[in-house]
Amino acid sequence: MAGLIQRTAEAIDDMWRSIWGGSSRLEKVIIAVFLLVTGLAIPVIPIVWLARLVAN
């Protein structure tokens, strides 16, 4: 079970880095505004932070 959690956390971390790390400043602003407007920032950001903590 711990291995599954670790792999899931690593996958989320990799996905977040590929989206956020490869984006220009304008793309990051558009993504942030989209998350805030749709209300997805509330559940997405803590999940990503937790996944990055577990992955590292």
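In which helix is the place of Leu 53? Leu 53 is placed in helix H3.

The structure is a predicted model, in which local features require pLDDT of at least 70 and side-chain atom pairs count only at pLDDT 80 or more, whereas totals for chains, interfaces and linings use all residues. Residues are numbered from 1 along each chain as its sequence is written, and side-chain values use heavy atoms, with hydrogens and water left out.

## Overall architecture

The protein chain contains three helices and zero strands, and its pattern along the sequence reads α-α-α. Helices (H or I, at least four residues) and strands (E, at least two) are DSSP runs, numbered from the N terminus. Taken along the principal axes, the C-alpha atoms of the protein chain fill a box of roughly 35 × 25 × 10 Å.

Helix H2, spanning residues 25–38, has 14 residues. From its first C-alpha to its last, H2 reaches 20 Å, close to the 20 Å expected at 1.5 Å a residue; the expected span is 1.5 Å times one less than the number of residues. Just after H2, Gly 39 adopts a positive phi of about 80 degrees.

## Surface and burial

The protein chain has an accessible surface of about 4300 Å², and 73% of this area belongs to carbon and sulfur atoms. Accessible areas come from the Shrake-Rupley method with a 1.4 Å probe; for residues, only the protein chains shown count as cover. Of the 56 residues in the protein chain, 16% are buried. Buried means under 20% relative accessible area, exposed over 50%, and partly exposed in between (1.4 Å probe, protein chains only).

The table lists selected residues with their relative accessible areas.

| Residue | Relative accessible area | Class |
|---|---|---|
| Asp 13 | 5% | buried |
| Trp 20 | 29% | partly exposed |
| Arg 17 | 42% | partly exposed |
| Ile 5 | 45% | partly exposed |
| Leu 53 | 65% | exposed |
| Asn 56 | 69% | exposed |

Asn 56 is found in the segment after H3.

## Charges and the salt bridge

The protein chain carries 5 positive and 4 negative charges, whose mean positions are 5 Å apart. For this count, Lys and Arg are positive and Asp and Glu negative, while His and the chain ends are not counted. Each charge is placed at NZ of Lys, CZ of Arg, CG of Asp or CD of Glu.

One salt bridge is found in a search of the whole structure, the term denoting a side-chain nitrogen of Lys or Arg within 4 Å of a carboxyl oxygen of Asp or Glu. The side chains of Asp 13 and Arg 17 meet in a salt bridge with an N to O distance of 3.1 Å. Because Asp 13 and Arg 17 are four residues apart in helix H1 (residues 2–21), they are separated by about one helical turn. Asp 13 counts as buried, at 5% relative accessibility, whereas Arg 17 is partly exposed at 42%.

## The nonpolar patch

A nonpolar patch on the surface is formed by Met 1, Leu 4, Ile 5, Leu 50, Leu 53 and Val 54, which together have about 640 Å² of accessible area. The elements giving two or more residues to this patch are H1 and helix H3 (41–55). H3 gives the most, with three residues. Patches consist of residues with over 30% relative accessible area and no salt bridge; like charges are joined within 9 Å, and nonpolar side chains (Val, Leu, Ile, Met, Phe, Trp, Tyr) within 5 Å.

## Separations in sequence and space

Several residue pairs relate sequence separation to C-alpha distance. Leu 53 and Asp 13 are 40 residues apart in sequence and 9.0 Å apart in space. Trp 20 and Ile 31 are eleven residues apart in sequence, with 8.8 Å between their C-alpha atoms. For Arg 17 and Pro 43, 26 residues apart along the chain, the C-alpha separation is 18 Å. Asn 56 and Ile 31 are 25 residues apart in sequence and 24 Å apart in space, C-alpha to C-alpha.
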